[in-house]
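Please read the following report alongside the sequence and the 3D view.

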Amino acid sequence: MNHFNYLDSPYLVREDIKMAHREYWTTLASPGSWWTGKERTAIAREVRNATSCGFCQERKQALSPYSFSGEHHHSENSPDKAELSSLAIDAVHRIVTDQNRITQAYVEANSDAGFTEEQYVELAGIVVAVFSIDEFNRGLGLELEPLPSPSEGEPTHYRPSQAIRGTGFVSMIPPDGATGAESDLWDGRTANVLRALTLVPDALRDWTRLAAAQYLSMEGMANMIGQDDRSINRMQMELIAGRVSSYNECFY
Amino acid sequence: MLRVSAKVTETTIDINMINGERKEGVSNLEYGEELMKFAETLSSRNEIDLAAARKQLLFVAGPEVLVDAAGVAANFQRMVRIADAMGIPVDTKESELSNKIRQDLDLYRFASAENSA
């Protein structure tokens, strides 16, 4: 199936956006570092369950999201319960619906229960990528793209040796650690948001490719005026960025 | 970034508008009001309001702007979740200007401010 044709769109979607979304769908279906293709697409399906999960809506109203028990919503005939642990399902739902109340204690408790930080980081990378692609379609009033068929194969279990604890909830590559197999991740200066998913370097590579199409490339971010291939200037972009971030109560 | 791009382009804006406060400033930005409404209604997941905001943005700015705005909004729906799910602190904790902006915007009320404490 040829994904992201946007044939149902009344608006012309830029080719680079189509391409980036299409490339991500191929990546999503393939085995990753810590999850199989089948598990990765199950995570993606769970992202869509989360957006309509009644339990998540109730939990979001609770004073503490960690003292509230219940069952997450699943689509009928959803195979995801068999593919993913309850801890992984809960993490998907929290990242989509209540991300700013995730704590270090929650991530560490998951790790102690066998849901490792490497799995958590890759899962988070999938959640945010799928969610943003779905949000693009929803923004335009379009149907969500059917999920890809998973590819066979095993995860690589690759963990960058230079990843260390010390920033945020999980291990990350330090600012001077973009070396060797990770030398492509950044050139010189970096930022915590770039380092955030580097325990699974491909997760960062995925989001920078998506960002280059949906927003700006790394090089493009230095241009504070605007790019010729965009119909809105940088200030208009940052107005949207700021309003979305503020609505989501993002301090970063 | 909004403040920097406004400074570079010598545009007067009230940065508080990103909190949804409609003061002077939005009108200095072409389609500012419509872009804000679009971003806000996408984030709030109110589909009726989103449809109205989409229609209005399309009416005043055209389909290219709508598509590019949807891309940027979708991108930041991702970025905020990366930052909070990984608990990263801000990079500019020591910057006086950045701290002033955070205070002006009252960002310390957000639960994720704890990650930068």
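In helix H5 (residues 86-97) of chain A, the residues Ala88(A), Ala91(A), Val92(A), Ile95(A) and Val96(A) meet Tyr120(A), Leu123(A), Ala124(A), Val127(A), Val128(A) and Phe131(A) in H7(A), where two residues are in contact if their C-beta atoms, placed from the backbone, lie within 7 Å. The residues of this contact of H5(A) with H7(A) divide into 11 nonpolar, no polar and no charged; here Ala, Val, Leu, Ile, Met, Phe, Trp, Tyr, Cys and Pro count as nonpolar, Asp, Glu, Lys and Arg as charged, and the others, Gly among them, as polar. Helices (H or I, at least four residues) and strands (E, at least two) are DSSP runs, numbered from the N terminus.

This is a predicted model, in which local features need pLDDT of at least 70 and side-chain atom pairs count only at pLDDT 80 or more, while totals for chains, interfaces and linings use all residues. Residues are numbered from 1 along each chain as its sequence is written, and chains are lettered from A and ligands numbered from 1 in the order in which they are written.

**Two helix pairs**

Two packed helices are described by the angle between their axes and the distance between the axes. Axes are lines fitted to C-alpha atoms, for helices over the stretch in contact, and angles run from 0 to 180 degrees between N-to-C directions.

| Helix pair | Axes come within | Crossing angle |
|---|---|---|
| H5(A) and H7(A) | 10 Å | roughly 45° |
| H10(A) and H2(B) | 9 Å | roughly 35° |

The axes of H5(A) and H7(A) cross at roughly 45°, and that makes H5(A) oblique to H7(A), since angles under 35 degrees count as roughly parallel, over 145 as roughly antiparallel, 65 to 115 as roughly perpendicular and the rest as oblique. H5(A) passes H7(A) in a right-handed crossing, and the crossing of H10(A) and H2(B) is right-handed as well; a crossing is left-handed if the near helix is turned anticlockwise from the far one by less than a right angle, and right-handed if clockwise.

**Where the chains meet**

How many residues of chain A are in contact with chain B? There are 59 of them, in contact with 58 residues of chain B. The elements that give two or more residues to this side of chain A are helix H7 (117-139), helix H8 (192-195), helix H9 (201-214) and helix H10 (234-247) of chain A. H10(A) gives the most, with 14 residues. The residues of the side of chain A that touches chain B divide into 35 nonpolar, 16 polar and 8 charged.

Within the pair that joins the chains, Gln236(A), Leu239(A), Ile240(A), Arg243(A), Val244(A) and Tyr247(A) in H10(A) meet Gly32(B), Leu35(B), Met36(B), Ala39(B), Glu40(B), Ser43(B) and Ser44(B) in H2(B). The residues of this contact divide into 7 nonpolar, 4 polar and 2 charged.

**The two chains**

The secondary structure of chain A comes to 10 helices and 0 strands, and chain B has 5 helices and 0 strands. The C-alpha atoms of chain A fill a box of roughly 50 × 45 × 40 Å, taken along the principal axes, and those of chain B fill a box of roughly 45 × 35 × 20 Å, taken in that way too. Buried residues make up 47% of the 252 residues in chain A, whereas of the 117 residues of chain B, 44% count as buried. A residue is buried if 20 or more other C-beta atoms lie within 10 Å of its own, exposed if 12 or fewer, and partly exposed in between, with C-beta atoms placed from the backbone. In chain A, residues 24 or more positions apart account for 67% of the contacts with a separation of 6 or more; in chain B, 36% of contacts between residues at least 6 apart in sequence join residues at least 24 apart.

Tyr6(A), in the segment before helix H1 (15-29) of chain A, has a positive phi of about 55° although it is not a glycine, and Tyr6(A) is partly exposed, with 19 other C-beta atoms within 10 Å. His157(A), in the loop between H7 and H8 of chain A, has a phi near 60°, a positive value in a residue other than glycine. Is His157(A) buried or exposed? His157(A) is exposed, with 9 other C-beta atoms within 10 Å.

Met218(A) is in the loop between H9 and H10 of chain A and counts as exposed, with 12 C-beta neighbours inside 10 Å. Met218(A) and Trp186(A) are 32 residues apart in sequence and 8.8 Å apart in space, C-alpha to C-alpha.
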